[in-house]
Amino acid sequence: HELTKLDLNLAQSNAKYILIVLHHPIVPMRSTWNDSLSLENPKALFNVLDKYPKIQAIAFGHAHQAAEFSRFGIKIISCPSTALQFNDETRIGFNQYTLRTNGQLTLNTQWL
């Protein structure tokens with residue numbers, strides 16, 4: 001049901017560029033704990049998203065680690081945690097995004 005609503009919203013969008021943000025990981029994080037709590041149907045989500053070339057990036061949390069992936073030229077970004085990381089990183093952090101009018105997205109992970 002939610003994928004149908006997303007598809008309709010994307011189809012009706014007049015936005016020049018689109019950033020998709022969701023909570024659960026949509027790609028494997030190479031972590032048994034994380035991957036067991038990832039989105040249950042990432043292929044179905046990608047079937048919808050692949051129809052819309054305006055999508056510049058997809059960002060998600062829940063992974064408690066910073067990582068960047070790419071799929072068909074779309075950036076896929078996980079956010080670090082402001083509490084604790086689930087990898088060897090001992091600092092807490094957050095992502096700072098810069099969205100430019102030409103659709104370019106830059107990412108700077110800030111560690112504290």
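Author: Let us begin with S81. Leaving aside its neighbours within four places in sequence, S81 is in contact (heavy atoms within 4.5 Å) with H64, Q65, I92 and G93. This is a predicted model, in which local features need pLDDT of at least 70 and side-chain atom pairs count only at pLDDT 80 or more, while totals for chains, interfaces and linings use all residues. Residues are numbered from 1 along each chain as its sequence is written, and side-chain values use heavy atoms, with hydrogens and water left out.

Reader: Does S81 count as buried or exposed?

Author: Buried means under 20% relative accessible area, exposed over 50%, and partly exposed in between (1.4 Å probe, protein chains only). S81 counts as buried because its relative accessibility is 8%.

Reader: Which side chain does the side chain of S81 join in a polar contact?

Author: A polar contact is a pair of N or O atoms within 3.5 Å; within protein, one must be able to donate a hydrogen and the other to accept it, and residues adjacent in sequence count only if both atoms are side-chain atoms. The side chain of S81 has such a contact with that of H64, at 3.0 Å. The S81 side chain also reaches the backbone oxygen of L84, at 3.2 Å.

Reader: What sits over the ring of F46?

Author: A charge sits over a ring if NZ of Lys or CZ of Arg is within 6 Å of the ring centre and within 35 degrees of the ring normal. Here the charged end of R71 takes that place, 4.0 Å from the centre of the F46 ring.

Reader: With which residues is I55 in contact, leaving aside its neighbours within four places in sequence?

Author: Those residues are L10, I18, I20, L49 and I74.
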